[in-house]
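Dear colleague,

Please find below the structure that I am handing over to you, followed by an account of what was found in it.

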There are 2 protein chains.
Amino acid sequence: MNIFFIGAGNCTEIILEKMQNCIKKAYLLDYDVEKINFLKEKFHFCIESDFFISDDIDFYVECASVEAVKKYTENIIRNNKNIIILSSGAFSDFDFRNNVENILKNSRSQIFIPSGAIGGIDIINSLKDEINSITIETRKPPLSFNMINTKEELIFYGTAEEAIKNYPKNINVAITLSMAVESFDKVKVKIISDPKIIKNIHKIFIDSKAGKYEIKIENNPSNNPKTSLMAPLSVVGFLKKFNNSIKVGV
Amino acid sequence: MNIFFIGAGNCTEIILEKMQNCIKKAYLLDYDVEKINFLKEKFHFCIESDFFISDDIDFYVECASVEAVKKYTENIIRNNKNIIILSSGAFSDFDFRNNVENILKNSRSQIFIPSGAIGGIDIINSLKDEINSITIETRKPPLSFNMINTKEELIFYGTAEEAIKNYPKNINVAITLSMAVESFDKVKVKIISDPKIIKNIHKIFIDSKAGKYEIKIENNPSNNPKTSLMAPLSVVGFLKKFNNSIKVGV
């Protein structure tokens, strides 16, 4: 399997580590040459590269930023190639989303947005139209907000779209949920500064005509404290599932 | 899209209802002629059928029983056709599982086991090797066990394999979890008779090197009280996701 990685940071390193036995060639694109050299040294199947399109490549994987998604996606899908996107926040931009959806109508491409740092997306995929509302409640220690509150404090409550403007750091999870339920109105975001916790905790509440669901996520951080280990692992999980003849989950 | 349904009961009816606009032909196989006639009357694109293999068919969908899975799967995958299986409990039979895995080595078939009546399988797909253990705790009202306990009572605690022997009715969820984590030892089953509840509640606890996760599921029943609405909806969710160019979740 040949993969073109957009971004050569911590997430890409974890994916390369876990997929060593499945990847033949990994092309790396990053403006930071040091990151590329580090990965080339560690994984000898890595190749520094400018952006290019080739039949040789099975998947493009974006582990960089919302900006990188916006810069490269159109070219990839106009050329009928598949891309896995971690920075799903890019889809909060209506014009970008609309443009991508239009191009996809005449393309054989598929865009995969893995579950990233959260889970329970299979429940949303199953229920879709039956869903009344989804709330994602994120609790972080006060220090994350440069606060010193001793009781829990509600920092933000609003729609996914409002959250993007005010808390762009939390954007990817809210947008992944919105893309899954195919609605930017049904997803509410709650951010709480909580002195009782030391690790971030996400809780997702799904209210639907088919039942009620709650997902609690306590991720350990990766080497980069800003990224949970689960985000790159969700790309690994996707690639392994893609290759398996028996696929479990929606 | 043409679909061959094995089983023409409540689940198939729900899938047909939700997929009316996407299905061109639905072949129905069931030993109960009344069920077939009811669906033929309600959905005019339904055709009564014996089992057959044809290029005309996009998916075989099993909504019948463990026995039906065992009876038809081999023929389907030897002929490179794809099958969606709801009665995942069939895979608790080691010989069947082994046989299927061997045939798949020389087949282009894919077997899809949707999340069924549960969720959070995307978390398991992401974490896979990082998972230490999974516990599924199922709480039911005492009447479900013909009991009259006034305090909650632990009915069963053991591995998925032991649960199968003792509580075959709960088999599918435990086996879906086991197939997802690719281990029959890591999944523990807890069954509780709980007088405080009126609907079944599943809780899934995932303990892993990447973090801790908890999924709480309160399904409403479908018209058939033995089946939750979410099980057939997970097939609908899978088929819709399969047809979408943008796919969310692992």
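Across the interface of chain B and chain A, 35 residue pairs are in polar contact, both partners having pLDDT 80 or more. Please bear in mind throughout that this is a predicted model.

Several elements of chain B each supply at least two residues of the side that touches chain A. They are helix 4 (94-104), helix 5 (121-127), helix 7 (171-181) and helix 8 (230-243), together with strand 6 (111-113), strand 11 (211-219) and strand 12 (246-248). Strand 11 of chain B gives the largest share of that side, namely 9 residues. Sorted by class, the side of chain B that touches chain A holds 22 nonpolar, 16 polar and 14 charged residues.

The interface also contains salt bridges, 4 of them between chain B and chain A. One pairs B:Lys18 with A:Glu130, whose closest N and O atoms lie 2.5 Å apart.

As to its extent, the contact takes 52 residues from chain B and 52 residues from chain A. The two chains bury about 4,300 Å² between them, and 55% of this area is on carbon and sulfur atoms. On the side of chain B, the residues that lose the most area to chain A are B:Ile246, B:Val248 and B:Val250, which together account for 15% of what that side buries.

Strand pairing also crosses from one chain to the other. Strand 6 (residues 111-113) of chain A is joined by 3 bridges to strand 12 of chain B, and the two strands run parallel. Within strand 12 of chain B, B:Lys247 stands opposite A:Phe112.

The relation between the copies may be described as follows. Chain B is superposed on chain A by a rotation of 180° with 0.0 Å of shift along the axis, the RMSD being 0.0 Å. The two copies are therefore related as by a two-fold rotation axis. The same surface serves both copies, since 100% of the contact residues of chain B recur in chain A.

Finally, over all chains the structure holds 30 salt bridges. Among them is that of A:Glu74 with A:Arg78, with 3.1 Å between the closest N and O atoms. Because A:Glu74 and A:Arg78 are 4 residues apart in helix 3 (residues 66-78) of chain A, about one helical turn separates them.

With kind regards

Notes: Residues are numbered from 1 along each chain as its sequence is written. Chains are lettered from A and ligands numbered from 1 in the order in which they are written. This is a predicted model: local features need pLDDT of at least 70, side-chain atom pairs count only at pLDDT 80 or more; totals for chains, interfaces and linings use all residues. Side-chain values use heavy atoms; hydrogens and water are left out. Copies are superposed by least squares on the C-alpha atoms of residues with pLDDT of at least 70 in both. Contact means heavy atoms within 4.5 Å. Buried area is the accessible area (1.4 Å probe) that two parts lose on being put together, summed over both. A salt bridge is a side-chain nitrogen of Lys or Arg within 4 Å of a carboxyl oxygen of Asp or Glu. A polar contact is a pair of N or O atoms within 3.5 Å; within protein, one must be able to donate a hydrogen and the other to accept it, and residues adjacent in sequence count only if both atoms are side-chain atoms. Ala, Val, Leu, Ile, Met, Phe, Trp, Tyr, Cys and Pro count as nonpolar, Asp, Glu, Lys and Arg as charged, and the others, Gly among them, as polar. Two strands pair if DSSP finds at least two bridges between them.
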